[in-house]
Amino acid sequence: MPTPLVLDLLRHGRAEPAGPAGDGGRPLTPGGRSVLERLGVRLEREGTRHDRVFASPLVRAAESAAVLLGASPDHAPVETLEALAFASSPADALAALRGLGVSSGHVLLVGHQPLLGLLALLLTGAEVAFAPGSLLRVECPRGLLPGTGRVLLALDPGPGA
């Protein structure tokens with residue numbers, strides 16, 4: 001029997017204001033990095049292993065994935081997924097994941113608001129606030145079908161993170 005699909009939805013860490021590189025080139029702040037480093041250590045300590053990792057093409061999302069996974073020496077490579085950019089829809093993201101064969105295992109998605117909140121709502125029916133550095137774990141026992149997921153874990157870095 002295949003492993004059920006579990007998605008970890010991670011909003012990128014707090015990022016610097018837009019500079020000459022524009023919004024897409026915004027790096028993480030030192031505080032944003034710190035929050036993700038702590039979260040990565042926690043996930044590593046708990047034995048979390050992601051079979052696949054996808055990040056939005058924006059710098060702050062790719063950097064967030066790298067920082068989070070830095071605590072795990074044998075992590076999956078980070079794959080860029082255009083459908084995780086903030087201008088995408090939840091339906092676009094699900095279609096892209098299906099197209100990449102995502103149907104089981106533990107998958108990390110690193111993206112932006114409002115997309116992650118809308119994706120969580122579509123999968124679980126629950127509204128979730130995603131502060132920078134927040135992680136929501138969703139079990140999808142029937143795959144990427146709307147309304148069939150359930151929230152297993154919600155981690156919020158807290159105020160000012």
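**Notes on the sheet and its surroundings**

1. Arginine 11 stands opposite glycine 111 in β4. Strand β1 (residues 5-11) pairs with β4 in the parallel sense, over seven bridges. Two strands are taken as paired if DSSP finds at least two bridges between them. Strands (E, at least two residues) and helices (H or I, at least four) are DSSP runs numbered from the N terminus.

2. On the basis of the description, this is a predicted model, in which local features need pLDDT of at least 70 and side-chain atom pairs count only at pLDDT 80 or more, while totals for chains, interfaces and linings use all residues. Residues are numbered from 1 along each chain as its sequence is written, and side-chain values use heavy atoms, with hydrogens and water left out.

3. Strand β4 also pairs with strand β2 (residues 52-55), in the parallel sense over four bridges; valine 53 stands opposite leucine 108 in β4. In β3, the bridge partner of valine 53 is valine 78. Three bridges join β2 to β3 (residues 78-80), and these strands run parallel. The chain passes from β2 through helix α2 (residues 59-69) to β3 in a right-handed β-α-β crossover (with the strands pointing away from the viewer, the path from the first strand over the helix to the second runs clockwise).

4. The open sheet has six strands in the order β3-β2-β4-β1-β5-β6, with mixed pairing. Strands β3 and β6 (150-155) stand at the edges with a single partner strand each, so one side of each is left without a neighbour in the sheet. From one strand to the next the twist averages 20° (axes are lines fitted to C-alpha atoms, and angles run from 0 to 180 degrees between N-to-C directions). The antiparallel pairing of β5 (residues 135-140) with β6 extends over five bridges, and valine 138 has valine 151 as its bridge partner in β6.

5. Is strand β4 buried or exposed? Seven of the seven residues of β4 (residues 105-111) are buried, so the strand is largely enclosed by the rest of the structure. Buried means under 20% relative accessible area, exposed over 50%, and partly exposed in between (1.4 Å probe, protein chains only). Gly105, Val107, Leu109 and Gly111 point one way from β4, and His106, Leu108 and Val110 point the other way. In a regular strand the side chains alternate between the two faces of the sheet.

6. Proline 73, in the loop between α2 and β3, is exposed, with a relative accessible area of 74%. Proline 114 lies in the loop between β4 and α4 (115-124), and a cis peptide bond with omega of about 5° joins glutamine 113 to proline 114. Most peptide bonds are trans.

7. The largest pocket has a volume of about 160 Å³. A pocket is an open set of points on a 1 Å grid over the protein atoms alone, where a 1.4 Å probe fits, with protein on both sides within 12 Å along at least five of seven lines; lining residues have an atom within 4 Å of a point. The volume is the space filled by probe spheres set on the points, which are joined across faces, edges and corners. Helix α1 (residues 30-45) gives the largest share of the lining, four residues. Among the lining residues are Val35, Arg38, Gly133 and Asp156.
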